[in-house]
Each structure stands twice: as C-alpha cells, then as structure tokens.
Amino acid sequence: MTEIVQVSGPELVTYADELAALLVEIVDGGASVGFLAPLDRDVSACWWREKAASVSAGSLQVWIARDGERVAGTIGLVRAPLPNARHRAEVTKLMVRPSAQGRGLGRRLLDAVEGTAAGDGVTLLVLDTESESAAERLYRSAGWTACGSVPGYAADPAGVLRPTTYYYKAVGPEGPARTQPASPSTSL
C-alpha cells in the first residue's frame with residue numbers, strides 16, 4: 001500500500017534524489033510542471049534540495065507518496081505570505097509516476113493537501129494546470145472550479161506555449177463560497 005506522508009525540510013533533502021527521478025520522468029513524459037525536457041537529474045535534485053529551506057520555514061509544505069522506499073508521487077502547498085491572504089494557499093507540483101497513475105494516488109495526494117489546509121484554517125485553495133490535460137480532469141472530478149484560462153501562458157516540456165487554466169476550491173467551514181460579501185458603503 002502506498003503511504004502518503006508530509007515531509008520536513010531535512011526529510012525533503014533525504015528524498016531529493018527520488019523526487020528528482022520522479023520529476024525527470026514526469027517532464028520526459030510531457031507533463032507541464034515548470035521544466036523543459038530534457039531535464040538533468042542533478043539539476044532536478046538541486047531544485048528539490050533548495051525547497052528544503054522553504055519547508056523548514058513553513059511557507060511550503062510537501063507530501064510524498066511512498067511505495068516502500070520509492071517515491072510514487074508528490075504534491076506541495078505554498079502558503080500566501082501577505083497578511084490579507086493568509087486564508088488562501090496554492091496547490092503546486094502534483095506529480096504521480098506514470099506506473100502509479102490510474103489508481104487514485106493523485107486524488108489521495110490532493111485530499112491530503114485539502115484536509116491539512118482546511119485543518120490549518122485555510123479556506124481557499126488555488127492552482128493552475130495546462131488546459132485540457134489529464135490533471136485538469138482530476139481537478140474537475142475532485143470538485144475544483146475553473147475560473148479562467150490564459151492562452152500561451154506556459155511552455156510544455158518541448159517548449160511549445162500552451163494555455164493554462166486556473167482553478168479554485170473552497171475548503172473548511174468558512175470557505176469563500178460560504179461567506180457574505182461586504183456591504184457597499186453608502187458614505188462618501
């Protein structure tokens with residue numbers, strides 16, 4: 001059984017090589033996750049190690065799906081840094097090894113992030129993904145709402161500009177869909 005665990009900064013460094021292999025495999029498979037192919041494994045491992053400081057500082061949370069000692073998937077949650085945005089966070093880098101896809105692992109990773117965010121008082125999650133991708137189907141089936149697309153926003157691993165769709169999801173008891181809009185001011 002694949003276990004999903006949140007990792008600390010030092011643990012992220014420990015898993016950096018496995019996460020690098022996952023990232024390289026995902027990029028080589030055509031997934032648009034911010035990198036161009038071919039992605040060097042050492043560059044990928046360095047990128048993961050650099051994220052450890054953000055995890056230790058609390059501005060980034062990372063989960064991994066472990067199948068034994070092998071990393072089968074990962075997902076991140078970036079906390080908003082500004083005082084007026086502490087109710088929201090961004091879901092990032094949801095990746096599942098092709099050999100582990102189609103078994104609900106992506107949904108389990110997403111559920112882990114959503115549950116932790118809601119438990120921590122986050123009420124709004126946002127993310128972006130390549131339009132018409134398999135990831136987009138996952139987000140829609142998990143109750144995320146598309147709120148717009150930007151043509152040519154990001155390059156896929158081959159360097160071709162693709163549209164990106166933005167999504168949001170209200171989580172927790174006080175999610176934005178459940179709050180009242182501010183009443184308009186009548187004074188000048």
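## Aromatic rings and cysteines

Phe35 is buried, and Trp47 is buried as well; buried means under 20% relative accessible area, exposed over 50%, and partly exposed in between (1.4 Å probe, protein chains only). Please keep in mind that this is a predicted model, where local features need pLDDT of at least 70, side-chain atom pairs count only at pLDDT 80 or more, and totals for chains, interfaces and linings use all residues. Residues are numbered from 1 along each chain as its sequence is written, and side-chain values use heavy atoms, with hydrogens and water left out.

How many aromatic pairs does the structure hold? There are 5 aromatic pairs, counted when rings of Phe, Tyr and Trp (its six-membered ring) have centres within 6.5 Å; planes under 30 degrees apart count as stacked, over 60 as edge-to-face and the rest as tilted. Two of them are shown here:

| Pair | Centre to centre | Angle between planes | Type |
|---|---|---|---|
| Phe35 and Trp47 | 5.3 Å | 90 degrees | edge-to-face |
| Trp47 and Trp48 | 4.9 Å | 80 degrees | edge-to-face |

Phe35 sits in the loop between helix H2 (16-28) and helix H3 (41-57), while Trp47 is in helix H3, so their pair ties together parts that are 12 residues apart in sequence. Helices here are DSSP runs (H or I, at least four residues), numbered from the N terminus. Trp48 is buried, like Trp47, and ring pairs link Phe35, Trp47 and Trp48 into a cluster.

Now for the cysteines. The structure holds 0 disulfides, a disulfide being a pair of cysteine sulfur atoms within 2.5 Å. Cys46 is partly exposed, at 37% relative accessible area, and Cys147 is exposed, at 51%.

Key:
Helices (H or I, at least four residues) and strands (E, at least two) are DSSP runs, numbered from the N terminus.
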